[in-house]
Amino acid sequence: MSWRACLCDTMTGLLGQQIDIPGFTWSMTVSDSSFSTTRDKGVGADEVSGLQLPWSQIPGSTPTARADALMCGKRGLVLFWHGVLDGDASLGTPIIGGVFGVRSSSQQDVSISLDSIPTVLGDRILAHEDGFGTNAAHTAPGGYAWQGLSLRAIACEVIRQCTSAKPGGTLPIDLPWLGEQGGHQRTDYQDWDVQNQSCKQILTKLTNVASGPDMQFRPYLSDSQHVRYRFEAGSDGDVYLGQKTVHSLDYHPLGGTLEDLKVDRMAPAQRFYATGAGSDQATICCLAEDLTLCRRSDPWPLREGVYSDPDAKSWDVLKSHAQAKLAANSKPLMQLSGTIDANDVDASGMPLHAPGTFWPSEIFEVSITGFPDLPDGIYRQRLMKMSGDQTGKVTLLFDICEDPCT
């Protein structure tokens, strides 16, 4: 049971030669889960770093052929988890894929980064073709307006406009929610505002509004020769992905399926001063506060923060962002993390938690016994990030949640 890697074409997803990677690290998130960022979300990103490949692993008998196999932006890589149930002829389950970024070559080997699909979409701008600076006044008067759609349908339309609607823009992405009806509208995507309209920026803003949905790009094999990325997103009614799937882990200082348990904690914040578009005294302002903890008989001291979104052009939009920030911080918080072994099997030899059987955003029930400052019990947690290296060890980082010890 191990990781396998295969080269691929960026635009078509056509798989190329399988290669051996001596060492690497990887991570996959559903949102920015750093403890200090207070749960601001982004489009679920995946990342592979530390790729240092010997030239013997690179296909091609000439310098030109080898350069083509690793062409930045044009070629990419997919990592597969090959488990106990996969035959020798199978690559396994695709877990992470992306496009080659910056490359540095030496006589002995080549070091190369792998850009995730959201990173690639960061280089795609939402603007009409043949409508930017081409009129007599050399302006960009066009814009996009979508009404009566779900947020994930708007996201799909933004992705479509930034991929297949552009020359050379095709990417192997499935957009299953195009045209889905809902109660949302976005009417402020103006062509002149290109500085703020990369596809990734827009998707991040959609997922960061109050009740914004999770968004991920998950690779899958569309046939034996091609990998594609399915755009997964929560619905307007259920913004989180994978909430119907529940996985089980247990921790005990003498052993368990979850190892190296760590608990981080942070004090609450009761107030956020938010600023939006405008300048000086014309700046849109909003105060989001919950002073409940400050008014208890055993009160918490006031803790305040600031939030800035110069792209928020209306008070209602700014308010939704500020309230989301407050909701994520208004209680004493904790965050659990630990490691699992992807090679673990049960008594019958079946994998317990192989990569590809769980994804960020899914629910884990973690049974904890014997931790120094956390009461024994079962903790229902949402997985926010998974990471690892070329081994079967996988580090899990769960969502920030309310501290039970307050």
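The model is predicted, so local features need pLDDT of at least 70 and side-chain atom pairs count only at pLDDT 80 or more, while totals for chains, interfaces and linings use all residues. Residues are numbered from 1 along each chain as its sequence is written, and side-chain values use heavy atoms, with hydrogens and water left out.

Turning to the aromatic residues, the structure holds 8 aromatic pairs. Rings of Phe, Tyr and Trp (its six-membered ring) pair if their centres lie within 6.5 Å, and planes under 30 degrees apart count as stacked, over 60 as edge-to-face and the rest as tilted. One of these pairs joins tryptophan 3 and tryptophan 81, whose ring centres are 5.2 Å apart with the planes at 70°, so the pair is edge-to-face. Tryptophan 3 belongs to strand β1 (residues 2-9) and tryptophan 81 to strand β5 (residues 75-82), so the contact ties together parts that are 78 residues apart in sequence. Strands (E, at least two residues) and helices (H or I, at least four) are DSSP runs, numbered from the N terminus. Tryptophan 3 is buried at 11% relative accessible area, and tryptophan 81 is buried at 3%. Here, buried means under 20% relative accessible area, exposed over 50% and partly exposed in between (1.4 Å probe, protein chains only).

A tilted pair is formed by phenylalanine 217 and phenylalanine 231, at 5.1 Å centre to centre and 40° between the planes. Phenylalanine 217 is in strand β11 (residues 215-223) and phenylalanine 231 in strand β12 (residues 226-233), so this pair ties together parts 14 residues apart in sequence. Both phenylalanine 217 and phenylalanine 231 are buried. Elsewhere, Trp3, Trp26 and Trp81 make up one aromatic cluster.

Charges over rings come next. Arginine 152 lies over the face of tryptophan 177, 3.5 Å from the ring centre, and the charged end of arginine 230 sits over the ring of tyrosine 220, 4.1 Å from its centre. The criterion is NZ of Lys or CZ of Arg within 6 Å of the ring centre and within 35 degrees of the ring normal.

Finally, the backbone. Aspartate 130, a residue other than glycine, has a positive phi near 60°. Aspartate 130 is found in the loop between α2 (117-121) and β8 (143-149), and is exposed at 72% relative accessible area. Aspartate 260, also not a glycine, has a positive phi of about 55°. Aspartate 260 is placed in strand β14 (residues 259-266) and counts as exposed at 51% relative accessibility.
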